[in-house]
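I opened this entry to look up the ligand site and the space around it. The notes follow the order in which I checked things.

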Amino acid sequence: MKIEMERTFVALKPDTVQRGLMGKIITRLEDKGFKIIAMKMLEVSKEQAEDHYAEHKGKPFYDGLVKFIMSAPILAMVIEGVNAVAEVRHILGATDPDKADVGSIRADFSPIMACNSIHASDSVESAKREMAIYFDLDKELCTNWKTMMELVIDAR
Ligand SMILES: Nc1ncnc2c1ncn2[C@@H]1O[C@H](COP(=O)(O)OP(=O)(O)OP(=O)(O)O)[C@@H](O)[C@H]1O
Ligand SMILES: [Mg+2]
């Protein structure tokens, strides 16, 4: 089995922010062992929305999607961990909450497909592209910090 340290882009969508569910969803990612190395709450601009969802341009749901992601703030994050891209997608569950596995974030929190609570990149390449839409990658990633265990060892 592949074991790769990866980074992925995650965004808590407007429905999550509006409903006060950010903490509960972040907890699921942290509980699984993922490290949050960047986090920013922001109002998505039209340009960012169109860039993020460029692959869906022309689809019937595209206009609604762009409108929705701009309807309230999002919480953008960069997440690091083992096999982060696939693992985070697994924790999210299927795009349609009705089809998502019980216990997944979308099954447990999302009312409908258009408001499915959380986005995560679907490949390492998408992750790099999406991170750069929302973060200054030279300045905004917090990579130079130690785990509690490393601090304990250093303090001996
Ligand atoms: N058939 C559809 N009808 C309505 N909305 C849809 C449909 N398909 C996708 N969407 C919306 O567009 C978003 C992007 O679709 P995509 O196929 O990339 O799904 P995803 O990768 O599971 O979700 P996301 O990119 O948001 O993490 C979905 O999260 C969903 O909100
Ligand atoms: Mg997608």
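I take a pocket to be an open set of grid points, on a 1 Å grid over the protein atoms alone, with protein on both sides within 12 Å along at least five of seven lines; a lining residue has an atom within 4 Å of a point. The model is predicted.

Entry on the pocket. I looked up the largest pocket and found a lining of 21 residues. Lys 13, Tyr 53, His 56, Leu 65 and Thr 95 lie nearest its centre. H4 gives the most, with 3 residues. I sorted the lining by class and got 7 nonpolar, 8 polar and 6 charged residues. For the volume of the largest pocket I noted about 480 Å³.

What takes up the space of the largest pocket? I found ligand 1 there.

Entry on the shell. I listed the residues around ligand 1: Lys 13, Tyr 53, His 56, Phe 61, Leu 65, Arg 89, Thr 95, Arg 106, Met 113, Asn 116, His 119 and Ala 120. By class, this shell divides into 5 nonpolar, 4 polar and 3 charged residues.

Entry on polar contacts. I used a cut-off of 3.5 Å between N or O atoms. A polar atom in the side chain of Arg 89 is 2.7 Å from an oxygen atom of ligand 1. For Arg 106, I noted 3.1 Å between an N or O atom of the side chain and an oxygen atom of the ligand. Met 113 takes part through its backbone, where an N or O atom lies 2.8 Å from a ligand oxygen.

Entry on burial. How much of the area that ligand 1 exposes when taken alone does the protein bury? I noted 76% of 580 Å².

Methods. Residues are numbered from 1 along each chain as its sequence is written. Chains are lettered from A and ligands numbered from 1 in the order in which they are written. This is a predicted model: local features need pLDDT of at least 70, side-chain atom pairs count only at pLDDT 80 or more; totals for chains, interfaces and linings use all residues. Side-chain values use heavy atoms; hydrogens and water are left out. A residue is near a molecule or strand if one of its heavy atoms lies within 4 Å of it. A polar contact is a pair of N or O atoms within 3.5 Å; within protein, one must be able to donate a hydrogen and the other to accept it, and residues adjacent in sequence count only if both atoms are side-chain atoms. Accessible areas come from the Shrake-Rupley method with a 1.4 Å probe; for residues, only the protein chains shown count as cover. On a 1 Å grid over the protein atoms alone, a cavity is a set of points where a 1.4 Å probe fits but cannot get out, and a pocket is an open set with protein on both sides within 12 Å along at least five of seven lines; lining residues have an atom within 4 Å of a point. A molecule sits in a cavity or pocket if more than half of its atoms lie within 2 Å of its grid points. Ala, Val, Leu, Ile, Met, Phe, Trp, Tyr, Cys and Pro count as nonpolar, Asp, Glu, Lys and Arg as charged, and the others, Gly among them, as polar. Grid points are joined across faces, edges and corners, and a volume is the space filled by probe spheres set on the points. Helices (H or I, at least four residues) and strands (E, at least two) are DSSP runs, numbered from the N terminus.
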